[in-house]
Protein chains: 2
Amino acid sequence: MADQHELRDKGLRLTPQRELVLSAVRSLGHATPEEVAAKVRETHPGINLSTVYRNLETLENVGLVLHTHLGHGGATYHAAEELTHLHLVCGVCGSAADAPIDVAAQFVNALADEFGFKTDVTHFAVYGTCAACTTPED
Amino acid sequence: MADQHELRDKGLRLTPQRELVLSAVRSLGHATPEEVAAKVRETHPGINLSTVYRNLETLENVGLVLHTHLGHGGATYHAAEELTHLHLVCGVCGSAADAPIDVAAQFVNALADEFGFKTDVTHFAVYGTCAACTTPED
DNA sequence: TAACTCCTGCGAACTACTCGCAATTAGGTA
DNA sequence: TACCTAATTGCGAGTAGTTCGCAGGAGTTA
């Protein structure tokens, strides 16, 4: 549990709320601010939603967490070290599968070469139809 | 102006509001519901925002318009026949550039081959940093 | 024209998020 | 250890964007 160092190293104060938010994000994998708040409230019932939002923002600023848009409008937060995959969101069944970032390597390179655009493929989900929903089965 | 046929063919009633919403989407290229409302109000000032939202949803259900997520949370609407490009959204300056869908062809194929995932690259923006913001200039 | 529905306008409600302020608390210092 | 200062928290209000219910009005068919 080197959280204390991580947070202090980034120039942040070490508050119970902040630690709880960070560990909630880590344990949840991906989670909306509300889900993070719910998780944190299991051990710290009084925590305020504003505090969760502010800590997510703060933790994102120092690079410990990141957010991704999975479509519904709300952001989904991840621990920074876990964000090594891209998200395949199915428009039919709503599932979100993971795929390794390498499948996008050519795409990222093409965008870089042709447009000078440096792509972060993990930030937005990739939308489409998953295998299960594409294959008509009865 | 075959709008009447289009709408009627889809089983929709032909109301001035509905026609105006559709033509606003077509003339604007990409637009948020609020921008569509503003456009429509140029010729039909009394139109209600709810009506715009409902018509966008209705038109989307019958396939005449589509929406894309450009990131800020709000959806952006397009005429269905215009959606032949993907969007490169810059996280630094916030600009949204267009790119032909072919640059994503390999990526789409890889996803299809490896995961059976049928990708709609136009639905979500592609996030990253544009050339202007990548190149440090003074 | 009459009747039947769909559609519209309106206002309230809702969701997701942000902000200001006063009280609290972490971290550094003496 | 006691104290000081600034960061942080909780709370409530505020905001933006979107949805919903309802009653009146309009498009469509016979």
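Hi everyone, let me start with a pair in chain B: B:Glu6 and B:Arg26 form a salt bridge, with their closest N and O atoms 2.7 Å apart. By salt bridge I mean a side-chain nitrogen of Lys or Arg within 4 Å of a carboxyl oxygen of Asp or Glu. B:Glu6 lies in helix H1 (residues 3-9) of chain B and B:Arg26 in helix H2 of chain B, so the pair ties together parts that are 20 residues apart in sequence. Helices here are DSSP runs of H or I with at least four residues, strands are runs of E with at least two, and both are numbered from the N terminus. B:Arg26 is partly exposed, at a relative accessible area of 22%. On that scale, buried is under 20%, exposed is over 50% and partly exposed is in between, using a 1.4 Å probe and protein chains only.

A quick word on conventions. This is a predicted model, where local features need pLDDT of at least 70 and side-chain atom pairs count only at pLDDT 80 or more, while totals for chains, interfaces and linings use all residues. Residues are numbered from 1 along each chain as its sequence is written, chains are lettered from A and ligands numbered from 1 in the order in which they are written, and side-chain values use heavy atoms, with hydrogens and water left out.

Now to chain A. The side chains of A:Arg26 and A:Glu6 meet in a salt bridge at 2.7 Å, N to O. A:Arg26 sits in helix H2 (residues 16-28) and A:Glu6 in helix H1 (residues 3-9) of chain A, so this pair links parts that are 20 residues apart in sequence. A:Arg26 also forms a salt bridge with A:Glu81, with the closest N and O atoms 3.0 Å apart. Since A:Glu81 is in the loop between strand S2 (75-79) and strand S3 (85-90) of chain A, and A:Arg26 in helix H2 of chain A, that pair ties together parts 55 residues apart in sequence. So what do we get? A:Glu6, A:Arg26 and A:Glu81 are linked in a network of salt bridges. Across all chains, the search finds four salt bridges.

Next, the DNA. There are 22 residues around DNA strand C, and A:Tyr53, B:Arg13, B:Thr15, B:Arg18 and B:Thr51 come nearest. H4(B) gives the most, with four residues.

For specific atoms, a polar side-chain atom of B:Thr15 lies 2.8 Å from a phosphate oxygen of DNA strand C. For B:Gln17, a polar side-chain atom is 2.8 Å from a sugar or linking oxygen of DNA strand C.

Last, a sheet. Four strands make an open sheet in the order S5(A)-S6(B)-S3(B)-S4(B), with mixed pairing; strands pair if DSSP finds at least two bridges between them. Its edge strands are S5 (118-119) of chain A and S4 (96-100) of chain B, each pairing on one side only. Strand S3 (residues 85-90) of chain B pairs with S4(B) in the antiparallel sense over five bridges. In S4(B), B:Ala99 is the bridge partner of B:Leu86. Thanks, everyone!

Conventions:
A residue is near a molecule or strand if one of its heavy atoms lies within 4 Å of it. A polar contact is a pair of N or O atoms within 3.5 Å; within protein, one must be able to donate a hydrogen and the other to accept it, and residues adjacent in sequence count only if both atoms are side-chain atoms.
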